[in-house]
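Please look over the structure shown here before reading the numbered points, which are written for someone meeting it for the first time.

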Amino acid sequence: MDEEYDVCVCGTGLKECILSGLLSVHGKKVLHLDRNNYYGGACASLNITNLWEKFRPGTQPPKELGANRDWNVDLIPKFIMASGDLVKILLKTKVSRYLEWKSCDGSYVYQFQEAGFFSSAKHIHKVPATAQDGLKSPLMGILEKPRFINFAQFIMGWEDDKDETHQGIDPKRHTMAQVYSKFGLQESTIDFIGHAVALQINDDYLGKACGPTINKCKLYLNSVMQYGGSPFLYPIYGLGGLPEGFSRLSAIHRGTYMLNKPVDGFVYDDAGKVCGVKSHDENGKEEVAKCKMVICDPSYAGEAKTKVVGKVVRSICILGEPIPHTKNKEGGPALSCQIILPQKQLKRQNDIYVMMVSWAHCIAAKDKYVAIVSTVVETANPEKELEPAEKLLGPILEKFVEVSDVRVPVDDGAGDQVFVSASYDPTSHFEDVAKEVLVMWKRITGEDLDLTVLPEEEEG
């Protein structure tokens, strides 16, 4: 370890692994450390024994749940947007070749509808993602459907640099509320577009410039068209394969990895710039890896480099059957799905997210399902905040709840060359994670990451 490196990366979370892989490809000498004996950091995938050890130390999982080899439970599960930035990074780096993918069976939004003469009460509805879906959706009345279709066609035709596609809308001046008003959309339609299509986490976006939200809607619709049915992908064997894939990329380009390696602190020079990372060997002897910069997650950065901006509560629920009323394209029970509960439906300030994957993705024993419910904490009783979503899941066999701080860096890292990533948000997709990686890359290198994939680089 007592060598000189261009970069020391602390923590093997997804963001850190993407950055170490990219820096290695760009010719940097990288040392990557993790205090744990497994990859993934806060977003690791655990087998059933490790899951029990984390949440119920000293107890054993029930025998009927099966063997360790059948389980890979994500601590912070997220779907991957089929046309999003993370997929572009995976294709550009060719890490996609290490992973196998499955499309998510469906995306749902919570909107309570009372029972009628011929129908029972409904809580969740499939998110219409195309004009055809819109015609069939019970979320909208007969008069609203043509308005939604006009809006969907406007989004699909939108191109940032072609004014003729903007229909008089200025992406920097007009708010999203004004765009909805132009198309005459009702409040309930606005609710599912904003939260289940644009994937906004609350209603603050309504008063902001419409450009970013229009592009979020377009990304969703483009992603749906990529594979049909759902915009989301998920890797077989769980998300743990993502940091491992980028670690492999770094190792191929001569990156050095050390798991189970404690990080005792950073060393700074007289100018206040980082110049090393302290650790110790099994005998307690101090070791220092010299470096010109450090990239790390908040758990390695120390109190002074980060601040707490909120808390996230997550419950991991093991189920014995699919979530009721969720279906795949063929009409059978969904083996994976996302459900978004918009804040307004529950009189909250933040949405609640449900993400469910199953044995079909090789992350659970046969006929078992794992649903993770998450949101931003708003009260003194975080677990109770998840109840409206947990009621949708059907019978829960086992449940594990964790409340964690959301930490963000206090500076951009340019001064001391310590670049700290933020904690993971409660959303059920990776778009914000990928965007943060691209922003950090620009801060670290001074250049935008080129995500153009040449035809000879593409993979099926």
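1. A patch, as the word is used in this note, is made of residues with over 30% relative accessible area and no salt bridge, where like charges are joined within 9 Å and nonpolar side chains (Val, Leu, Ile, Met, Phe, Trp, Tyr) within 5 Å. Lys and Arg count as positive and Asp and Glu as negative, while His and the chain ends are not counted. By this rule Asp 160, Asp 161, Asp 163 and Glu 164 form a negative surface patch.

2. The model is a predicted one, in which local features need pLDDT of at least 70 and side-chain atom pairs count only at pLDDT 80 or more, although totals for chains, interfaces and linings use all residues. Residues are numbered from 1 along each chain as its sequence is written, and side-chain values use heavy atoms, with hydrogens and water left out.

3. Asp 161, one of the patch residues, sits in the loop between helix H5 (144-157) and helix H6 (176-182), where helices (H or I, at least four residues) and strands (E, at least two) are DSSP runs numbered from the N terminus. Its relative accessible area of 69% makes Asp 161 exposed, given that buried means under 20%, exposed over 50% and partly exposed in between (1.4 Å probe, protein chains only).

4. Strand S14 (residues 306-319) pairs in the antiparallel sense with strand S18 (residues 396-409) over 13 bridges, and with strand S17 (residues 369-376), also in the antiparallel sense, over 8 bridges; two strands pair if DSSP finds at least two bridges between them. Val 312 has Ser 404 in S18 as its bridge partner, whereas Ser 315 stands opposite Val 373 in S17.

5. The count of salt bridges (a side-chain nitrogen of Lys or Arg within 4 Å of a carboxyl oxygen of Asp or Glu) comes to 27. One of them joins the side chains of Asp 416 and Lys 305 at 3.1 Å, N to O. This pair links distant parts of the chain, 111 residues apart, with Asp 416 in the loop between S18 and strand S19 (418-420) and Lys 305 in the loop between helix H10 (298-301) and S14. Both Asp 416 and Lys 305 are buried.

6. Lys 399 meets Glu 383 in a salt bridge of 3.6 Å, N to O. Lys 399 lies in strand S18 and Glu 383 in helix H11 (residues 382-385), so the pair ties together parts that are 16 residues apart in sequence. Lys 399 also forms a salt bridge with Glu 390 (3.1 Å, N to O). Lys 399 is partly exposed at 29% relative accessibility, whereas Glu 390 is buried at 9%.

Methods
Accessible areas come from the Shrake-Rupley method with a 1.4 Å probe; for residues, only the protein chains shown count as cover. The place of a charge is taken as NZ of Lys, CZ of Arg, CG of Asp or CD of Glu.
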